[in-house]
Amino acid sequence: MELDSALGAPSREESSLSGELSPSALGQAFSKILHSLTRPEARRGNGKDVALKDLGDLIEATECDRLFEGSGARLRGMPETLGQVAKAVEKYAAPRKEEEGGGDGHSEVAEKAAKVGLLFLKLLGKVETAKNSLVGPAWQTGLHHLAGPVYIFAITHSLEQPWTTPRSREVAREVLTLLLQVTECSSVAGFLRGENEDEKGSLSVILGLLKPDLNKESWKNNPAIKHVFSWTLQQVTRPWLSQHLERVLPASLLISDDYQTENKILGVHCLHHIVLNVPAADLLQYNRAQVLYHAVFNHLYTPEHHLIQAVLLCLLDLFPILEKTLHWKGDGARPTTHCDEVLQLILTHMEPEHRLLLRRTYARNLPAFVKRLGILTVRHLKRLERVIIGYLEVYDGPEEEARLKILETLKLLMQHTWPRVSCRLVVLLKALLKLICDVARDPNLTPESVKSALLQEATDCLILLDHCSQGRVKGLLAKIPQSCEDRKVVNCIRKVQQVSEGAPYDGT
């Protein structure tokens, strides 16, 4: 299809000397191009490619004032028509359903994205020119309809994904930069929420455009939609996010409630962002916080360390919100909390766990749970004792992250539950001394800096254990320096004795 046919072959009388089209011909041309881009039968042919070329030629040949303002019924609806065309063009460049696309499909998408990006650059250039030449809201109306589809295109192809190439990403980023320039926004966050208090921002429009593709039946048809939604959500913080809660929470729950681990993690990150940036009162309303908690809690049964890490961080920030409704009157035992429930499940998983990445993930987050529960950690003391002793016995690789975090957990545990520690003196003392001897005798597997950190943490634990047992550790260790020949072990014992006697030590 040639451009003249798309324009309905306007007569010379309908065109000006500069080649401009009459209002009726211009509206008809855009309508025909829109029909070509949206009709299903064009998917397998080159009809859409031709329509895209015609659209580029039409935009280039039309003066900006004809695109955004004028007289005539067709032209008064031109901003809406341009918005529909922009939507169709954005869909044209969108990646296909995951199982339908392979390497060839991805390269085809990148080629289309580069072409569409250049077209959007032309269109935004017309808007920029119109800003300086038109009086009134005409160009603003046109930009209002264009901004959403252009933004979705730019984010879809500017992120590093399988369907993008360096060229397509470069073009998409240029489109995003020009969009921010035209809308006079200093950042994407300002574009979404509004640069000033009296500006509404474009987030509502963009969420409205994403909504049809973010339902249970269709959200996997376009693999970019979840990334566009997630990235956009992360740009909006408090206090602006709360007014969009009804629209972002269901989509986040939908993405997290999937069988693919990648989608679970993405959804949990979205939910965590909502927890951090929406007031507690809004989350507690209509039981939203409980719904969110149960959705995230269920992921703890999936043994994937990246997912577990994301879930535990989200839950730790959710606990203060959930516990706002709990009130202890002091006339009985304190009620168990969601934190108790999660810690109980974590400890159940930690005891038999043999995979190092999962062990490190659990150990990394354990100190935060002890801090959160404080003295109430005594409810889990027996199981914590078993986990701590078991993890201290196992080498964790050159970085020793798990054992370092377990020692940190033990220190916090003794600080918060010191009245219950003395009866566990012998068990804990044996575990710490065994760790010190193992680390001191380790020939070359662990870097010296990590060995020093382990020995220092273990020594601090011995000092705390001595305080909790009223000096009994010092007596039990008294004869070790006389019989032990390992200098590192002896140094640790002497530090404990010096601090127990009230003398300072230099930490070497």
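A pocket here is an open set of grid points with protein on both sides within 12 Å along at least five of seven lines. I worked from a predicted model.

**Entry 1: second largest pocket**

I looked up the volume of the second largest pocket and got about 530 Å³. Its lining has 20 residues. Leu-143, Thr-183, Glu-199, Gly-201 and Ser-202 lie nearest the centre. H8 gives the largest share, 6 residues. By class, I noted 7 nonpolar, 9 polar and 4 charged residues in the lining.

**Entry 2: H13 against H14**

I next took helix H13 (residues 245–256) and helix H14 (residues 261–277). Their packing angle is about 150°, and their axes are 7 Å apart. Angles over 145 degrees count as roughly antiparallel, so I logged H13 and H14 as roughly antiparallel to each other. Their crossing is left-handed. On the H13 side I listed Leu-245, Val-248, Leu-249, Ser-252, Leu-253, Ile-255 and Ser-256. They meet Asn-263, Lys-264, Leu-266, Gly-267, Val-268, Cys-270, Leu-271 and Ile-274 of H14. This contact has 10 nonpolar, 4 polar and 1 charged residues.

**Entry 3: H16 against H18**

Are helix H16 (residues 288–297) and helix H18 (residues 338–350) roughly parallel or roughly antiparallel? I found an angle of about 5° between H16 and H18, with the axes 12 Å apart. Angles under 35 degrees count as roughly parallel, so H16 and H18 are roughly parallel. H16 brings Gln-290, Tyr-293 and Phe-297 to the contact, and H18 brings His-338, Glu-341, Val-342 and Leu-345. I counted them by class as 4 nonpolar, 2 polar and 1 charged.

**Entry 4: cavities**

How many cavities of 30 Å³ or more does the structure hold? I found 3.

The largest cavity holds about 70 Å³ of space. Its lining includes Leu-381, Glu-385, Arg-420 and Arg-424. Helix H20 (381–392) and helix H21 (401–416) each supply at least two lining residues. I recorded 7 nonpolar, 1 polar and 3 charged residues around this largest cavity.

The second largest cavity has a volume of about 50 Å³. I listed Leu-203, Leu-207, Leu-210, Phe-229, Thr-232, Leu-233 and Val-248 as its lining. H11 and helix H12 (225–235) are the elements that give two or more of these residues. The classes are 6 nonpolar, 1 polar and no charged.

Terms used. Residues numbered from 1 in each chain as written. Predicted model: local features only at pLDDT ≥ 70, side-chain atom pairs only at ≥ 80, totals over all residues. Heavy atoms only, no water. 1 Å grid on protein atoms, 1.4 Å probe; cavity = no way out; pocket = protein on both sides within 12 Å on 5 of 7 lines; lining within 4 Å. Points joined across faces, edges and corners; volume = space filled by probe spheres on them. Helix = DSSP H or I, 4+ residues; strand = E, 2+ residues; numbered from the N terminus. Nonpolar A, V, L, I, M, F, W, Y, C, P; charged D, E, K, R; others polar. Axes fitted to C-alpha atoms, helices over the stretch in contact; angles between N-to-C directions. Parallel < 35°, antiparallel > 145°, perpendicular 65-115°, else oblique. Left-handed = near helix turned anticlockwise from the far one by under 90°. Contact = heavy atoms within 4.5 Å.
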